[in-house]
Structures are given as C-alpha cells and as structure tokens.
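Subject: Handover of a structure and findings

Dear colleague,

Please find below the structure that I am handing over to you. The findings follow directly after it.

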Amino acid sequence: MIKVPLVRWVQNNFVYSTSQHIIFKFPKCTIANLNNIVNKADKNTTNWKDALYRTMKVYPNFITEEEEISLMKEIDPYMQRLRYEFSHWDDAIHGYRETERKQWNEQNMKVINRIRQKAFPPGMPQLNLVHILDLTAEGWIKPHIDSVRFCGDVIAGLSLLSDSVMRLTMVSHEQEYREDFLLPRKSLYIMNGVARQKYNHEILKSEESYFQGQKIPRSRRISIICRSEIYQINRQWYKLLEMCIIIIISVHWAACLEYYIPLIVSNVFGRNRGSWIDSDALKERGTNFHKYLICLNRATIALVCSAHYLDMKTPDDILINIILSVMGILGFIFALTQIMQFMNTLQSATKTHYKHFQQLQEYIKYKQLPYNLQRRILEYFNYCSKKKFTTYQHIIHQVSAYLQEELILNTYMKFINNVPLFQYIPESVVSQLINVLNFKIYLENDIIVKAGEEGDGLYFIASGTVAIYNNLWKEVCHLEDGTYFGDVFLFLKSMHHNVNIVAVEICEIYILQRTNFQLIMESHLDLFNVLYNAVSKHVKKT
C-alpha cells in the first residue's frame, strides 16, 4: 500500500491531471540540484564503463607474425576439410566452421600455454580442449552470452588473419549500455566477471564493422579460444544436497510454528493458559537466539515423534505437535526414499561391473587358465571397464547418422591431425576410413608387431608407449601416444616388418587394415596415386 505523503509528493512535484490530459511538471529543484543529478548520472556512466574495462581486456600483438603462420599451418589443413555452416545449434553464429583441439606441436603449444598463463589465475581449472572458430569474411557472431553449462568465468580468445570489432551490450539494457572493442589481428582478448556474465558479446558483420567512426575491413577470421572449466556437481550429490536443504528449512519453519502458533492463540484468548510459551524454561532464555534454540529443540522432538520434557496442556500445543509428528513421518519416508535412490545410483555401475567380473572369473575357473593368463585377462577387463568403451559404443549407435559422423570425426581427430597422409584426403573419404578402423588394447609386454611378419596396415598409438627392438631384440627407441607407423604397408603388399614393436604399458591403438583402405580407394584412383607418390617420397627420404 502506497503511503499518502509519497502520493502527495509525486503529485506536487511531477504531475497533475485534467479530465482529458495528464500534464507533467518539472520537479522543484535548484540549479545546484540539477548539477548534482547530472554529476550522479556521469558517475553511474563511469562506473559501468570502469567495471566493463576491468573485466574485458585486449592485448595487441600478443603473438608474432611467425607464430601466427605456425598456428595456421597446424590448424588450416583440417579446417579446410570442414564446410562452412550458416545455422548454429543456439542460433548464435552465421558463416562458420569450428573444431576443438587438444594436441599441438611443440612451438604452438608454447603459444597456447602463454595464453593460459596470461588469462587464468594459478590453480584455476581449465578446459583441456581449445576451441577453434573459423568465420568467413561475411560471417558474424550474434549477441549472446556463452552458456555456463559449457564453460566457466574466464574466456580468452586469440584473433588470427583479420581485425574485427566486438560489441558488448548489457543484458536488458542493450541501447543504454554498450561498448565496442577493436580486436586487432594477432591480439588476445580476455573476458571475465561482469563482461562475461552481464554482457552479450558479438562480432559485427563486415558492413557494420566500424570502430570510433573508422571502417575496419573484415576478411576470414580464426579465433583460438581457451576457457576455464565450470565447477560441476554430480547430479546425485546435488539431489542429496537439495534434500539436506529441504530438511533444514522444514525444521526451521517447524521451530517457528512451535513458537508463533501458541503466541497467536495466547494473544487472542489471553496468556497464562498453561501453554509451553508461558513456562519458566522459555522465560529463562534471555536472548532471541536462545529462545530460537529451545523452539528448534521442541520442533525436532515433535518431528521425530519423541516425548517433550515440557507437558502439552493446551489444545493448540497438542494440535501443533500432532501436525509436526505427521510431517516428520512423511519427511522421514521422503528422506529414506531419496537416500535409497542415491545409494542405488552410486552402486548401479559397481554392481554391473561386479556381475561381469564374477562371470569372467567363473569362465577363467572353468577353463583352468594359467595364473599369468588369468592376471592379464583381468587387467584387460578392468582397463576396459574403467575407460567405459561400451558406453561410448552405445551412444554412437543411438544418435542420428549425421551426428554419428560428427562424433566419430571429433573422437578420431587426434588420429586425423597427426597422420600427414590424411591431409590429402577429403572429409567424406576420411569418414569412410574411420568407420573401418580397428581398435585394439595391448597390455604391457604384448608384442604388437614381429620382425619378419608381412605388414598389414597403419598403426596409430592413441595412448600409451611402445618400444622398438631390432632383429636381435636390442632396444632402438620408444614411440609415444600421437605417433604412428606402417603407413607404407597401406600401399605395398610384399613388404615385411624389420623391427619388433612391444607395448611398454597399456596401449590403445587404431589399426587401418590395407585391405579396407584399398577397397575404399578403388573409387578414388587419382587420390590413391597422389597418396602413393607422397608415401614413396617419404620412404626414400627415410
């Protein structure tokens, strides 16, 4: 309800009405007051700009020309195989193609680490994958705030190939509070806090690309974006926390009811009716906090259906005790259900693993396998369970064909980027080759390749380390994850391995069989000849 003095003040200072019009009057104030109002407005304008510039910073010439060229040499071959998209899943980008990358060559990794050191405070968790966004000259990014479901509070972007203008506009105040930032080529911007959370950001279209009245020419632009990791709580732990909060609030309100219901009744029908609030136990509590504690104690006793140390003599005391006891029983059932569900969820994966483990043990016992073989089989089973390979296969088979192709390309991106052979192959053919890859896990000391065996295809080490031995089993070198061998065997059938290759630790290896490779290449003979010549030159050099 609006107080009368406030209404009169508004009427006297701002507005009076006639039967047909509403006439606004200028507020009664002096020139000094006007100056104060203007100064206050200027101060507010300065405040929001200060907050924005503190949390949105641009560092020109963060990298050198040579570093930009090096980054493009690594990025561009893969980006060229992707097609530009003109619709985005959240309608935020137009004319783009994008990917994510984890592995970089040594020189470019130094640049990525420099970005991370500049943008993220020590100890802040970061997303391992670096986002690469390629905009056409006609492409643009629409006003949006990056979803907090996918990244944390800090976003750092390195601009390559072209200058651009980024506009930040405050959410719900787009016209009043907006600021443009020039992002020069080779510059780094860092966005966090207010700029990250309270402002939409966009990259202006080529025809709108002006900064301080000057036209900023736009061409193809690539941004390399590092993001902090969002703190995520497990859903089941979240449900448990939610239940605890509900219990605490329920007990609090029960304590309030224990006090205020008898108090209201006493104010209506008179005090000294024998209610517990008239007892010496409550009067002895000198502060409100101590009174709240005794109310909390009575509420807890009522909720758990226990006996009060103060007798209940009045109808309202008895009634509120019955109501709270019923609520306590229902709350106990609810809490027990939630806890049981929580425990079952935590144990479901363990139960499935244990069931399969028991079946495997029964099989091993039935076959009476040697101890060493038993140990290796169990080690293999535990590794596969830990990595959840079956979960990935289940997801792959559930999604649509288009999404399946995208998932497969991203999953095997490390394989595609690290094998130079694939830089010559179109994306459509790469997808076919990936679909026929064989995935194998080799345990420690497993022989992957024996000297003298006929080469059957290309081997790519997705994770782990292998040792190379000559014919006399003398160690030559090690190969680690991200390396490959056997590409020449995709083309030549009569060649044999001249080394022994053994797993030093558990290794995940992708194998592209020669028969599968040549079967797909039958419809791309010109491409096959180009690849054959490239591999032949490589063999001659080595």
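A salt bridge is counted here when a side-chain nitrogen of Lys or Arg lies within 4 Å of a carboxyl oxygen of Asp or Glu. By that criterion the structure holds 14 salt bridges. The model is a predicted one, in which local features need pLDDT of at least 70 and side-chain atom pairs count only at pLDDT 80 or more, while totals for chains, interfaces and linings use all residues. Residues are numbered from 1 along each chain as its sequence is written, and side-chain values use heavy atoms, with hydrogens and water left out.

Salt bridges

Two further terms are needed for what follows. Helices (H or I, at least four residues) and strands (E, at least two) are DSSP runs, numbered from the N terminus. Buried stands for under 20% relative accessible area, exposed for over 50%, and partly exposed for values in between, with a 1.4 Å probe and protein chains only.

Arg97 is paired with Asp134 in a salt bridge whose closest N and O atoms are 2.9 Å apart. Arg97 belongs to strand E4 (residues 93-101) and Asp134 to strand E5 (residues 130-144), so this pair ties together parts that are 37 residues apart in sequence. Arg97 is buried at a relative accessible area of 6%, and Asp134 is buried at 0%.

A salt bridge also joins Arg227 to Asp146, with 3.4 Å between the closest N and O atoms. This pair links distant parts of the chain, 81 residues apart: Arg227 is in strand E13 (residues 221-227), and Asp146 is in the loop between E5 and strand E6 (155-160). Arg227 counts as buried, with 15% relative accessibility, and Asp146 is buried with 12%.

For Arg514 and Glu454, the closest N and O atoms of the salt bridge are 3.2 Å apart. Since Arg514 is in helix H15 (residues 514-521) and Glu454 in the loop between strand E15 (447-449) and E16, the pair ties together parts that are 60 residues apart in sequence. Arg514 is buried, at 9% relative accessibility, whereas Glu454 is partly exposed, at 39%.

Nonpolar core and surface patch

A nonpolar core is defined as a set of buried Ala, Val, Leu, Ile, Met, Phe, Trp, Tyr and Cys residues joined through side-chain atoms within 4.5 Å. The largest such core has 53 residues, and among them Leu158 and Phe415 touch the most other members. Helix H3 (residues 65-79) gives the most to this core, contributing five residues. At least three residues of the core come from each of domain 1 (48-227) and domain 3 (399-540), the domain bounds being taken from an automatic or database domain assignment.

In soluble globular proteins, nonpolar side chains tend to be buried together. There is also a nonpolar surface patch of about 930 Å², made by Met312, Ile318, Ile322, Val326, Ile329, Leu330, Phe332, Ile333, Leu336 and Met340. Patches consist of residues with over 30% relative accessible area and no salt bridge, like charges being joined within 9 Å and nonpolar side chains (Val, Leu, Ile, Met, Phe, Trp, Tyr) within 5 Å. The areas come from the Shrake-Rupley method with a 1.4 Å probe, and for residues only the protein chains shown count as cover. Met340 lies in helix H9 (residues 315-367) and is partly exposed, with 46% relative accessibility.

Cysteines and backbone

A disulfide is taken as a pair of cysteine sulfur atoms within 2.5 Å; a search of the whole structure finds zero disulfides. The cysteine sulfur closest to that of Cys256 is in Cys295, 7.9 Å away, which is too far for a bond. Cys256 is buried, with a relative accessible area of 16%.

Cys305 is partly exposed, at 43%, and is found in the loop between helix H8 (288-303) and H9. Although Cys305 is not a glycine, it has a positive phi of about 60 degrees. Ser172, also not a glycine, has a positive phi of about 70 degrees. Ser172 is placed in the loop between strand E7 (164-170) and strand E8 (178-183), and it counts as exposed at 59% relative accessibility.

Finally, Phe460 is in strand E16 (residues 457-463) and is buried, with a relative accessible area of 0%. Phe460 and Glu508 are 48 residues apart in sequence, with 8.6 Å between their C-alpha atoms.

With kind regards
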